[in-house]
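Visitor: I am new to this structure. Could you take me on a close look at the place where the two chains meet?

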Amino acid sequence: MPDSRTIDLIQHGIDDAADPAELSELEQRLASDPVARQLRDDLHFVNDLLEETPDEEPPSTLAADVMAQVRRAAATAPVVIADRRAERERKRTIALRFGLGIAAALAIGFILMPSMREPIDPRHAAGTMTSPPGDFTVTEFPIRGASISGSIRVSESADLVSLGVSFDSPAEREVRVEFDAAALSTQAGRAVPIGDEGSGVRTFDVTGESIEMQFERGVKRASAIGVRIRQGGDVFETTIDLGQPTNF
Amino acid sequence: MNCTTDSEDDDCIRRCLDGDADAFEGLVLRYQKPVFNAIYRMVQNREDAAEVCQAVFLKAYVNLRAFDRGRRFFSWIYRIAMNDSINFLASRRSVEPIAANYESPAAGPEEHLEASELRKHLNEAIAQLSPDQRAVLVLRHFTHCSYQEIASTLQLPEKTVKSRLFDARQSLREHLSAVGYRRGVSHA
């Protein structure tokens with residue numbers, strides 16, 4: 001096998017990324033190295049085959065299908081964030097009002113109902129619910145780990161459930177989503193079970209800032225969503241109760 | 001409504017963020033072909049590619065507010081496409097190469113039988129690549145990204161891009177050689 005410098009020059013030549021000095025150096029090396037010449041010829045052959053492969057045309061309905069989903073998503077998430085700061089402020093205000101309302105209800109309950117004095121499982125998330133116009137609800141749950149911050153959004157309408165996990169900054173992380181004990185994966189919105197037994201988890205390697213999963217109702221029932229996020233040595237886990245079993 | 005330049009990409013994005021969901025169509029029309037083509041080469045199945053492609057565009061729309069407008073949109077959407085394709089491949093037990101008897105609508109009727117056989121072997125070789133190698137190969141040869149653009153899309157050092165690209169090409173070369181194809185040598 002030719003040395004790494006020769007290989008580098010051969011690739012640069014094939015990819016039209018070589019400057020004149022590199023091309024000259026490549027020709028000198030090839031002149032005295034028949035193995036390198038054969039490698040160059042073979043890689044050119046592969047390159048030419050790949051370049052001659054015709055592009056695959058997308059389905060004629062692809063753009064229309066995408067836009068139908070985009071418009072549906074736009075209808076279920078009417079808050080378009082042009083200013084993140086303003087949106088955070090709006091959420092804080094809603095969360096504060098919701099929290100005060102909950103606190104008042106809990107205070108009354110605490111006084112009147114001894115069973116409510118039991119500690120709340122800290123793993124179960126408290127969400128901030130909004131009810132935008134239309135037949136759907138959006139609930140947001142904060143993600144607050146040692147180094148992980150962001151939010152989980154569950155949007156529910158009559159025929160679609162959307163789970164969005166977004167982060168305040170990009171980092172390499174793994175997000176694991178589980179519905180009860182039988183976790184689901186999504187392939188463009190179809191919820192399908194994983195594994196032969198119909199159970200398992202779906203793990204996403206998220207190097208960007210967010211992931212989104214959508215499920216059409218009617219495939220599986222679940223009463224809770226488990227989310228675990230691993231970022232470096234930090235782990236954040238939460239369980240989102242759906243209140244009552246929900247068809248996914 | 002169609003976007004044809006980076007500045008018009010930015011205009012579409014701005015209008016989307018201002019609440020005009022229909023403005024996203026400009027981005028879809030501009031990128032549907034290269035994104036679909038890239039995903040198709042990754043997942044090796046047309047129907048699966050269509051589903052993954054739809055999910056990619058929808059994900060891009062839903063997360064548009066997270067997009068760094070200092071970067072190029074194509075680099076971002078290709079990253080989503082590659083990640084989703086790799087995730088899709090990970091959820092499958094095996095990947096079948098593009099069918100030997102599949103006739104791409106893009107192929108002309110005059111394509112010879114030998115060329116068809118050669119393309120079959122090429123598809124088999126691509127299907128045997130690891131997802132990481134395939135991603136680099138697809139971005140280089142089917143979306144014509146430079147080393148730098150591939151590195152940015154996959155968030156890899158350029159050196160790693162070149163290394164994986166070489167390994168992928170070597171693998172294709174060895175596969176084709178094993179079935180009798182080399183430059184200047186007909187299929188035996």
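Guide: Let us begin with a term: a salt bridge is a side-chain nitrogen of Lys or Arg within 4 Å of a carboxyl oxygen of Asp or Glu. By that rule, six salt bridges cross the interface of chain A and chain B. One of them joins the side chains of Asp42(A) and Arg173(B), with 2.9 Å from N to O.

Before going on, a word on what you are looking at. This is a predicted model, in which local features need pLDDT of at least 70 and side-chain atom pairs count only at pLDDT 80 or more, while totals for chains, interfaces and linings use all residues. Residues are numbered from 1 along each chain as its sequence is written, chains are lettered from A and ligands numbered from 1 in the order in which they are written, and side-chain values use heavy atoms, with hydrogens and water left out.

Back to the interface. Polar contacts (pairs of N or O atoms within 3.5 Å; within protein, one must be able to donate a hydrogen and the other to accept it, and residues adjacent in sequence count only if both atoms are side-chain atoms) link 19 residue pairs across it, both residues at pLDDT 80 or more. On the side of chain A that touches chain B, α1 (4-14), α3 (34-52), α4 (62-76), β8 (202-206) and β9 (210-216) each supply at least two residues. The largest share of that side, 14 residues, comes from α3(A). Helices (H or I, at least four residues) and strands (E, at least two) are DSSP runs, numbered from the N terminus.

Counting contacts (heavy atoms within 4.5 Å), 55 residues of chain A meet 63 residues of chain B. The two chains bury about 5700 Å² between them, 56% of it on carbon and sulfur atoms. Buried area is the accessible area (1.4 Å probe) that two parts lose on being put together, summed over both.

Now for one residue on the chain B side: Arg46(B), in helix α3 (residues 46-62) of that chain. A polar atom of the Arg46(B) side chain lies 2.7 Å from the backbone oxygen of Glu57(A). Arg46(B) counts as partly exposed because its relative accessible area is 24%, where buried means under 20%, exposed over 50% and partly exposed in between (1.4 Å probe, protein chains only). Phe36(B) is buried, as is Tyr40(B); both lie in helix α2 (residues 24-43) of chain B, four residues apart, about one turn of the helix.
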